[in-house]
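Work through the exercises below with the sequence and the model at hand.

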Amino acid sequence: MRTLSIVSILFLSTLAACDDHDHGAEPYATFQACFDEHATAEALPHAQAITICCLEHPIGGVTEVCGTTATACEAYLGTNLTSGSATPAEVTAGCADYVTQRGQ
C-alpha cells in the first residue's frame with residue numbers, strides 16, 4: 001500500500017509539472033495582429049514587438065515569416081505592417097535584433 005501511495009504521488013507530481021510547460025507560441029492570423037498585441041496591448045517598444053513576432057509566433061501558420069536577413073525582414077514588414085505602425089528606424093532596429101537573436 002505504501003508503494004502505491006508513493007507511485008500515486010510521483011504520478012500526480014509529474015502531471016502537475018506538465019501543466020507548467022508552455023504549449024507553444026500563440027499563433028496570429030497576420031503579422032499586424034501580432035504586432036498590435038505586443039506593441040499596443042502590452043506596450044512594448046515597437047522594435048521589440050517586431051523581434052518577438054518574427055521569432056516567437058507563427059503568423060498565418062508559418063514560423064519565422066521575417067526571413068533570414070535584415071533586408072528580407074524589412075521587405076516582409078513593408079507589406080505586412082501598416083504604415084504608421086512603426087517608424088523606419090524601429091523596423092530597422094527590430095529586424096537587426098531579430099537577425100541577431102535568430103542566429104543565437
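Predicted model: local features only at pLDDT ≥ 70, side-chain atom pairs only at ≥ 80, totals over all residues.

**Exercise 1. Determine how many disulfides the structure holds, and describe the pairing of the bonded cysteines in sequence order.**

Solution. 
Step 1. Recall the kind of bond in question: a disulfide is a covalent bond between the sulfur atoms of two cysteines.
Step 2. Apply the distance cut-off: a pair of cysteine sulfur atoms counts when the atoms are within 2.5 Å.
Step 3. Cys34 is joined to Cys53, with an S to S distance of 2.2 Å.
Step 4. The sulfur atoms of Cys54 and Cys66 are 2.0 Å apart, and these residues form a disulfide.
Step 5. Cys73 is joined to Cys95, with an S to S distance of 2.1 Å.
Step 6. The structure therefore holds three disulfides. When the bonded cysteines of the protein chain are numbered in sequence order, the pairing reads 1-2, 3-4, 5-6.

**Exercise 2. Locate the disulfide of Cys34 and Cys53 in the chain and state its handedness.**

Solution. 
Step 1. The angle about the S-S bond is -100 degrees, and the link of Cys34 and Cys53 is left-handed.
Step 2. Cys34 belongs to helix H2 (residues 31–41) and Cys53 to helix H3 (residues 46–56); the pair links distant parts of the chain, 19 residues apart.
Step 3. Both Cys34 and Cys53 are buried.

**Exercise 3. Explain which parts of the chain are tied together by Cys54 and Cys66.**

Solution. 
Step 1. The link of Cys54 and Cys66 is left-handed, with -75 degrees about the S-S bond.
Step 2. Because Cys54 lies in helix H3 and Cys66 in the loop between H3 and helix H4 (70–80), the pair ties together parts that are twelve residues apart in sequence.
Step 3. Cys54 has a relative accessible area of 0%, so this residue is buried. Cys66 also has a relative accessible area of 0% and is therefore buried.

Methods: Residues numbered from 1 in each chain as written. Heavy atoms only, no water. Helix = DSSP H or I, 4+ residues; strand = E, 2+ residues; numbered from the N terminus. Buried < 20%, exposed > 50% of the residue type's maximum accessible area, 1.4 Å probe, protein only.
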